[in-house]
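Thanks for coming. I will go through one structure today, and the slide comes up now.

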Amino acid sequence: MQGPLKGIRILDLTRILAGPYAAMILRDLGAEVIKIEQPGVGDEARGIGPFKNDFSLYFMSINRGKKSLTLNLKSQPGKDILVELVKKSDVLLENFRPGAMKKLGLDYETLKTHHPPMLYAACSGFGQTGPYAGRGAYDMIIQGMGGMISITGEPNRPPVRVGTSISDITAALFTAIGILSALRHRDKTGEGQFIDVAMLDCQVAILENAMVRYLSTGDVPQPLGRRHPTITPFEAFESADGYVVIAMGNNVLWKKFCEHVKQPELIDDSRFSTNALRTENHEELFPILAEIMRQRSTEQWVTALEEIGVPCGPVNTVDKVASDPQVRAREMIVEVEHQMTGAVGIPGVPIKLSETPGSVDAPAPNLGEHTGEILTGLLGMAPDDVDRLKRQGVV
């Protein structure tokens, strides 16, 4: 393993998406991640498709490079093993409901007595405090409760889920940031700490424009379909063969566009002469622009507007994203080789570091694949003891 986090060891007790994705980020950046899973069952994500030769490629994409250790945390020997692993690790990451680890006697207050410098990160639906703390949550529940669904979709239509698990992914990103921040503090002081990240908090944090508009005006934001709420034109238009996005954040770009499409009268039109007026009069401007944009193909628009410096881009389907030359040039689609699946393509590492680059250098593990290696190599157990623990259902 290379990368800036080389030498950091993380115990990953998480399941499904938010926690595993946070641990994946840290593994891509060089940390050693030991994924602790229930014997015989493992992370529920192993049962989510698509599959190749009965191995979940969904699981593959967010658990690449990790080591799998099976461990029954309800058994005393399993708890004892976890404590020994904590003593040799930097971070424990879990995404159980608040209180679950305390019932097992494996909460932060208990574990830090064994290893005071440890970092304990808990990523949950609603956090460790507040009236909802004990509730379970999934991505779409948080999208709904966090307001995301209410501002997504077309006006006067039913609410629409964002097309990716944005609640989980956002929580994962903030959890990784929290862990990195706490590692920095520990490097300076030697102090460990508890990191509490809630999916709902993270959704509120990324509402940015919508929340500020409500808090400043009292107006409740509504879904606006394909356009930006405060910048115009800044939306997707139908082209002759698909859709194209144009984004004009100032009057200079507006002038360039109007001149290019031979509509100079729009530049100083009293309804459209400033961004604020264009936004206010969007209903009048949209049909004018829609008629113009339907005259060329998406590729023709992208080429023409790039030449005059007006930001634009196609609305790509996922297959086009995967084959896009920019995406490929940035190594955002990579292949890993697994003994069950063979070579499979997955997203790459978006953080490009000049001196200590991260990488995707190993596939996701089979369930319990590294149990023997970790117990004998890291904890110094004898192979016979590992076999005994397997027979007892501890590992």
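Is Ser167 buried or exposed? A word before I answer: this is a predicted model. Ser167 is buried, because its relative accessible area is 0%, and the cut-off for buried is under 20%. The residue sits in helix H7, which covers residues 166-189. Leaving aside residues up to four places away in sequence, Ser167 touches Asp139, Ile142, Gln143, Met199 and Gln203.

Now to the surface. Tyr138 is found in the loop that runs between strand S7 (119-124) and helix H6 (139-145). Tyr138 counts as exposed because its relative accessibility is 59%, where exposed means over 50%. Together with Tyr132, Ile141 and Met145, Tyr138 makes a nonpolar surface patch of about 410 Å².

Next, a sheet. In general, strands of a sheet pair through backbone hydrogen bonds, either parallel or antiparallel. Here three strands form an open sheet, ordered S9-S10-S11, with antiparallel pairing. Strand S9 (234-238) and strand S11 (312-314) are the edge strands, and each pairs on one side only. From one strand to the next, the twist averages 20°.

How many bridges link S10 and S11? There are three, and S10 spans residues 243-247. If you want a place to look, find Val244, which stands opposite Pro314 in S11.

Last, what lies across S10 and S11? That is helix H13, residues 298-308, running at about 160° to S11.

That is the end of my part.

Notes: Residues numbered from 1 in each chain as written. Predicted model: local features only at pLDDT ≥ 70, side-chain atom pairs only at ≥ 80, totals over all residues. Heavy atoms only, no water. Pairing = 2+ DSSP bridges. Helix = DSSP H or I, 4+ residues; strand = E, 2+ residues; numbered from the N terminus. Axes fitted to C-alpha atoms, helices over the stretch in contact; angles between N-to-C directions. Contact = heavy atoms within 4.5 Å. Patch = residues over 30% accessible without salt bridge, like charges linked within 9 Å, V, L, I, M, F, W, Y side chains within 5 Å. Areas by Shrake-Rupley, 256 points an atom, 1.4 Å probe, with all protein chains shown as cover. Salt bridge = Lys/Arg side-chain N within 4 Å of Asp/Glu carboxyl O. Buried < 20%, exposed > 50% of the residue type's maximum accessible area, 1.4 Å probe, protein only.
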